Amino acid sequence: MRKRIVAGNWKMNKTLDEGLALATEVVNIVNDEVNDDVMAILCTPFVHLSQVAKIVSGSEKVFLAAQNVSEHASGAYTGEVSVDMLKSIDVTHVILGHSERREYYHETNAQLAAKVDIVLAGNLNPIFCCGESLEVRESGNHAAFVTNQLEESLFHLSSAEMLNVVIAYEPIWAIGTGVTASSDQAQEMHKTIRSFLASKYGQSVADDITILYGGSAKPSNAPELFSKPDVDGGLIGGASLKARDFVDILKSY
Ligand code: PEP
């Protein structure tokens, strides 16, 4: 059975002290209030990871993710961070292919395929982001656009590898804009993604893959989004910066 996950993407926010305070508050509230069957993941800036790792190690419900990683194993790549470095501080997940990285840092589907490979080879779990721009949505080509992202970055994987990937469908027009996809729009795309996975890997593998929704999710709309059968949780940006909001989203299940 697939896992339900709510991951908070802090992006480039919070000083170290602020981040440690936020992580401590989240872990305390999650431990007290959240069901065992929902996994919380904190996706912090690199600088915070090793200290947040100590805070989440006291919880069986809260895990730790990086927001990016190098596609190279080690060496002369100034400014980059490797999978082995993340493993050495107990990171379990890595966001790959967030639309901000695709847009501002020109990450391509081929480069993301290489990042997916090195993350899986290190026994970490990619949270692989996909999603279309407003222009693509308005042209009606959003399903083809998103399935092409999946095909070019993920479809070289074996079934066993694919089962370790979490997918996050994040329509770019909904990220940080306050415009949320309706729950029907989210369900339609999640179902399309799952059917596409089934066409390559079979229905039982597709049924075991967690597909998160991301884009202006908040406590007020999460219950409706999470009520949809193919929406298995969320990747949360802005609302993950306040412990109470993030935990209330987790509690939407
Ligand atoms: C995100 O950046 O992954 C995201 C979903 O952001 P927000 O929730 O702020 O739209």
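**Figure 1. Helix 4 is the leading contributor to the lining of the largest pocket, giving three residues.** Helices (H or I, at least four residues) are DSSP runs, numbered from the N terminus. Helix 2 (46-56) and helix 4 (99-104) each provide at least two lining residues of the largest pocket. The model is predicted, so local features need pLDDT of at least 70 and side-chain atom pairs count only at pLDDT 80 or more, whereas totals for chains, interfaces and linings use all residues. Residues are numbered from 1 along each chain as its sequence is written, and side-chain values use heavy atoms, with hydrogens and water left out.

**Figure 2. The largest pocket has a volume of about 480 Å³.** Its lining comprises 15 residues, and Lys11, Met12, Gln67, Arg101 and Tyr105 are the closest to its centre. A pocket is an open set of points on a 1 Å grid over the protein atoms alone where a 1.4 Å probe fits, with protein on both sides within 12 Å along at least five of seven lines; lining residues have an atom within 4 Å of a point. The volume is the space filled by probe spheres set on the points, which are joined across faces, edges and corners. Seven nonpolar, five polar and three charged residues form this lining; Ala, Val, Leu, Ile, Met, Phe, Trp, Tyr, Cys and Pro count as nonpolar, Asp, Glu, Lys and Arg as charged, and the others, Gly among them, as polar.

**Figure 3. The ligand takes up the space of the second largest pocket.** Of its 20 lining residues, Gly176, Ser216, Gly237, Gly238 and Ala239 lie nearest the centre.

Conventions
Sits in = over half its atoms within 2 Å of the grid points.
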